[in-house]
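Please keep the sequence and the structure in view while reading.

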Amino acid sequence: MPPLLHPALPLLLGATLTFRALRRALCRLPLPAHVRADPLRTWRWHNLLVSFAHSIVSGIWALLCVWQAPEMLVEIETAWSLSGYLLVCFSAGYFIHDTVDIVVSRQARASWEYLVHHVMAMAAFFSGIFWRSFVGGGVLTLLVEVSNIFLTIRMMMKINNAQDLLLYRVNKYVNLVMYFLFRLAPQAYLTHFFLRYVGQRTLGTFLLGVLLMLDVMILIYFSRLLRSDFCPERVPRCRQHKDKFLTE
């Protein structure tokens, strides 16, 4: 079937438009005073609200997929389920939406790391969507969204200058645990699995390259997270008040 007629295209378009509509709806919610005073923080707040909604839905959905089809933990290349396939399409739609939002809002330079991450994620997801292979790997990758729930809460509280609240102090420890369980552990497991494709000219080799690049990014983010939340005295003064869009 020609690519332009692929049945997944309406799913991707529908998911993308769903997140666009969600963003429009969330923009009508009242803003914290500290956020409302700055147009950049306002844009970032709305962007994070959409990310937060995606993380909640995708994180729970990924856990349900693994529970319903535990073979995805082992048969990463061949395991397939309708729910898992729809989840990958749903999340690919989010990444398309967020990429467009960043570019249209002229935040590409400030958020270039997000764009790199999104391009790599979409490249990996499209292999499962259009070739129907490695859907299990896509679902396991999306377990990271459980961690992103707490990471997004952290970033929103920092944007709102709420680091002194008890909720922030509790969340930073919960976030650290979730980072290990749902980001570092699945990523290490998937990297170990895909190392079998070294030296082959297959889709698995391409996905291994994507995973290795994501590994580097995740470790960089983790070091930023530890330095910012647990060793703040080591953060250069010029960066302590900078509006970074990742984990700092």
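The paragraphs below take the cavity, then the aromatic contacts, then the cysteines.

The model is predicted, and local features need pLDDT of at least 70, side-chain atom pairs count only at pLDDT 80 or more, while totals for chains, interfaces and linings use all residues. Residues are numbered from 1 along each chain as its sequence is written, and side-chain values use heavy atoms, with hydrogens and water left out.

A cavity is taken here as a set of points, on a 1 Å grid over the protein atoms alone, where a 1.4 Å probe fits but cannot get out, and its lining residues have an atom within 4 Å of a point. Volume is the space filled by probe spheres set on the points, which are joined across faces, edges and corners. The count is one cavity of 30 Å³ or more, and the largest cavity holds about 740 Å³ of space. It is lined by 48 residues, of which Phe-95, His-117, Ala-121, Val-144 and Glu-145 are the closest to its centre. Helix α5 gives the most to this lining, with eight residues; helices are DSSP runs (H or I) of at least four residues, numbered from the N terminus. By residue class, the lining of the largest cavity divides into 28 nonpolar, 16 polar and four charged residues, where Ala, Val, Leu, Ile, Met, Phe, Trp, Tyr, Cys and Pro count as nonpolar, Asp, Glu, Lys and Arg as charged, and the others, Gly among them, as polar.

The structure holds 15 aromatic pairs, that is, rings of Phe, Tyr and Trp (its six-membered ring) with centres within 6.5 Å, called stacked if the planes are under 30 degrees apart, edge-to-face if over 60 and tilted otherwise. Two edge-to-face pairs are tabulated.

| Pair | Centre to centre | Angle between planes |
|---|---|---|
| Phe-19 and Tyr-94 | 5.3 Å | 65° |
| Phe-193 and Phe-194 | 5.3 Å | 85° |

Because Phe-19 lies in helix α1 (residues 8-26) and Tyr-94 in helix α4 (residues 82-104), their pair ties together parts that are 75 residues apart in sequence. Both Phe-19 and Tyr-94 are buried, meaning under 20% relative accessible area, with exposed over 50% and partly exposed in between (1.4 Å probe, protein chains only). Ring pairs also link Phe-19 and Tyr-94 with Trp-61, Phe-90, Phe-95 and Phe-125 into a cluster.

Zero disulfides are present, a disulfide being a pair of cysteine sulfur atoms within 2.5 Å. For Cys-89, the nearest cysteine sulfur is that of Cys-65, 12 Å away. Cys-89 counts as buried at 2% relative accessibility, whereas Cys-27 counts as partly exposed at 30%.

Methods. Helix = DSSP H or I, 4+ residues; strand = E, 2+ residues; numbered from the N terminus. 1 Å grid on protein atoms, 1.4 Å probe; cavity = no way out; pocket = protein on both sides within 12 Å on 5 of 7 lines; lining within 4 Å.
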